[in-house]
Amino acid sequence: MIVGLDIGSRSIELVGLVDGVTELTLRVPTTFDPISQCTKLLDGLRPASLVGTGYGRNLIQRLDLGCELSTITEIKAHALGAMHFFPQARTVLDIGGQDTKAISLAKGKVVKFEMNDRCAAGTGKFLEYTAGVFQISIENFGEYALKGQNPPEISSICTVFAETEATSLMARGEHPESIAMGLHKAIVKRTVNMLNRVSLNFPMVFSGGVANNPCVLKLLAEEINAVLGTDILVPQEPDMVGAMGAALHGNTNC
Amino acid sequence: MGGAVSDSAHREMWEKLDLDLNAHDALLGVLGKFYGDIYLSQENRLQGAEYLDFVLSEIHGLRIKELQEAKAEGRKVVGSFCVFVPEEITLALDAIHVGLCAGAEAGSDLAEQLIPRNTCALIKSFIGFKLAKLCPFLESSDMIVGETTCDGKKKAYEAFNELVPTYIMEVPQTKSKAAHTLWKSEVLRYMAELEKVTGRTITPEKLKKGIRTANAKRRALQRLTTLRAASPAPISGRDALLINQISFYDEPVRFTAKINELCDELENRVESNEGIAPENAPRLMLSGCPMAVPNWKLPYVIESSGAVIVGEESCIGTRNTRDLVDESGETVEDMIDAIVDRYMKIDCACFTPNDDRLENVTALAKDIKADGVIHYSLLFCQPYLHEALKVDKALQAEGIPMLSIETDYSMEDVEQLKTRIEAFVETLE
């Protein structure tokens, strides 16, 4: 088995391939002890080759596995993963726990990419944090926000300031659902800017946990004039794309 | 750093310069560790690197002692922050021209009380070094020269001037005829001021000698630029950057001789096809803001990703070494004109328009056969951040990929930088 391990800031995903076929997909939260979490995921597995990706990719050197180890960046992993699910992909958008990346593809290769830098504004963390303000679980936050109408403009992209802005909008009597939609819109706008910087071409694969959020999907499609399902393609398990890409990079000869 | 050679003598000197000894010890300790990790850990380094190691280990020690000895003989020290201050004139008046400390995070909290927080790291650093009493070059200077390159610097010099008298040269912002005239008047004003400070007078002979000394230094660095571009790269980008950095501190004639020796060694390496990195290692060029000592963060991250840096388009790189002063003038007037012409060729991002830089960047990238360019802008550096977008377009038109990096002196973003740079290198493989 070839294993791809995507060690992200919020969660760790594992994909196991046997003869190019997905045998296993697993996911655990990263916690403060990612090594133990990785060990847990790999329990009972005997991979011939393990490829690490994500911000914690170098942690695999500390796993005592006795197999071939290598690492690739999350940019390459997401590109490989996206092209595996959708070979016609021209752009990849990944919104993960603490970073957002936009990747432009041509002839099966990464041409240009952008990532958010030090700040987690506009990432899954932003939604998780603001969902907390509404006392709604992150899984249901998108559905909730979809009920909003005429969302007010949230001008701050800073998570902390956005919360302040949301609070003052509530005090002004705005509907909470509409404010929630406004917060989703703020993320989408930031994302579109990033996509345009790498030059957006369709079809675009949308990966990462945030691709599960129906409000982000709807607003994004509106903002970039795209049709869901043809222009924007979402894999079945969007948060497994990085781990899949890593597994695909593994040496199939061993 | 601050090797054991004559620590106690150095300490006495630092005390006289009113440095904060404890903080200075801590700074040298950090620098020493940093230098060990980034420089001394390299394999297959040149013999000539011994000179670099020595200069760096004594940069606040023996070099400062030399400055003090020269001062005792009546010579003056000019400290500056920019390649626009004409070294030829400084040398012609028997003064010593040095770059001042601006490459490390020091005293930033103190600096933020005098200048806005959203100021670039380089500016914050020189203010911080003064407030924290950490720069012996600054404390040894008889004349400190600032310049009006960017808004951040020119306003910061107002605050700096309250701490230490700062002479300001007005660098024009266009390359028009009027700008040329303005710059000439500024060069003449600098000459007159330095004549006053030194109590000496410019003569054609002395100015000619000054021009030749500065040109010889630039020629040695040009030689380095050419030799390092060989494949496989015969010297690491880090070491080449260090040489450019040291050119602002060491005595110019000694520096030139040492770098020419080092270039002889490089020539032998190139001839025997010997490299510091494998022939197939991705070749990157750095472009953008200057990296003052000990700002080695980005080069280290880049070269740890398996790539090798084969060129530097910056003020501590080709922007400072590409053009020479014409040596044919015989009168002071002719030579001043030649100096003015040369300095007006500097393609600093403070000029508008600055299309020469786009041509220079693409030409250098092609000359040195760079696989890609990493554009480095300091956070909050408006001029270079703007030009990053233009440089990207210009390089794209030539089919050369570019990665734009915006960072400062802190270490908090090293992991993010690693990811970006490794991903960029992956796209080149």
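Predicted model: local features only at pLDDT ≥ 70, side-chain atom pairs only at ≥ 80, totals over all residues.

Which residue is the bridge partner of A:I103 in β8(A)? The bridge partner of A:I103 in that strand is A:F113. Residues are numbered from 1 along each chain as its sequence is written, and chains are lettered from A and ligands numbered from 1 in the order in which they are written.

**Strands of chain A**

Strands of a sheet pair through backbone hydrogen bonds, either parallel or antiparallel. Helices (H or I, at least four residues) and strands (E, at least two) are DSSP runs, numbered from the N terminus, and two strands pair if DSSP finds at least two bridges between them. Strand β7 (residues 100-106) of chain A runs antiparallel to β8(A), to which 6 bridges join it. Both strands belong to an open sheet of 5 strands with mixed pairing, whose order in chain A is β8-β7-β6-β9-β10. At the edges of this sheet stand β8 (109-115) and β10 (232-233) of chain A, each of which pairs on one side only.

Another antiparallel pair in chain A is formed by strand β2 (residues 11-18) and strand β3 (residues 21-29), over 8 bridges. Here A:I12 stands opposite A:V28 in β3(A). The hairpin of β2(A) and β3(A) has 2 residues between the strands, and A:D19 takes a positive phi near 50° in this hairpin.

**Helix packing**

Two packed helices are described by the angle between their axes and the distance between the axes. Axes are lines fitted to C-alpha atoms, for helices over the stretch in contact, and angles run from 0 to 180 degrees between N-to-C directions.

| Helix pair | Angle | Axis distance |
|---|---|---|
| α2 (residues 74-85) and α8 (residues 241-249) of chain A | about 90° | 7 Å apart |
| α10 (residues 177-198) and α16 (residues 332-343) of chain B | roughly 120° | within 10 Å |

The angle makes α2(A) roughly perpendicular to α8(A), whereas α10(B) and α16(B) are oblique to each other; angles under 35 degrees count as roughly parallel, over 145 as roughly antiparallel, 65 to 115 as roughly perpendicular and the rest as oblique. In chain B the contact (C-beta atoms, placed from the backbone, within 7 Å) is made by B:H180, B:W183, B:K184, B:V187 and B:L188 of α10(B) with B:I336, B:I339, B:V340 and B:Y343 of α16(B).

**Domains and chains**

Chain A is divided into domain 1 (1-86 + 239-254) and domain 2 (89-234), with bounds that come from an automatic or database domain assignment. The centres of these two domains of chain A, taken over C-alpha atoms, are separated by 26 Å. Their contact takes 15 residues from domain 1 of chain A and 19 residues from domain 2 of chain A. On the side of domain 1 of chain A that touches domain 2 of chain A, the largest share, 8 residues, comes from α2(A).

Between the chains, 11 residues of chain B are in contact with 12 residues of chain A. Helix α19 (residues 414-428) of chain B gives the most to the side of chain B that touches chain A, with 8 residues.

Definitions and conventions: Contact = placed C-beta atoms within 7 Å.
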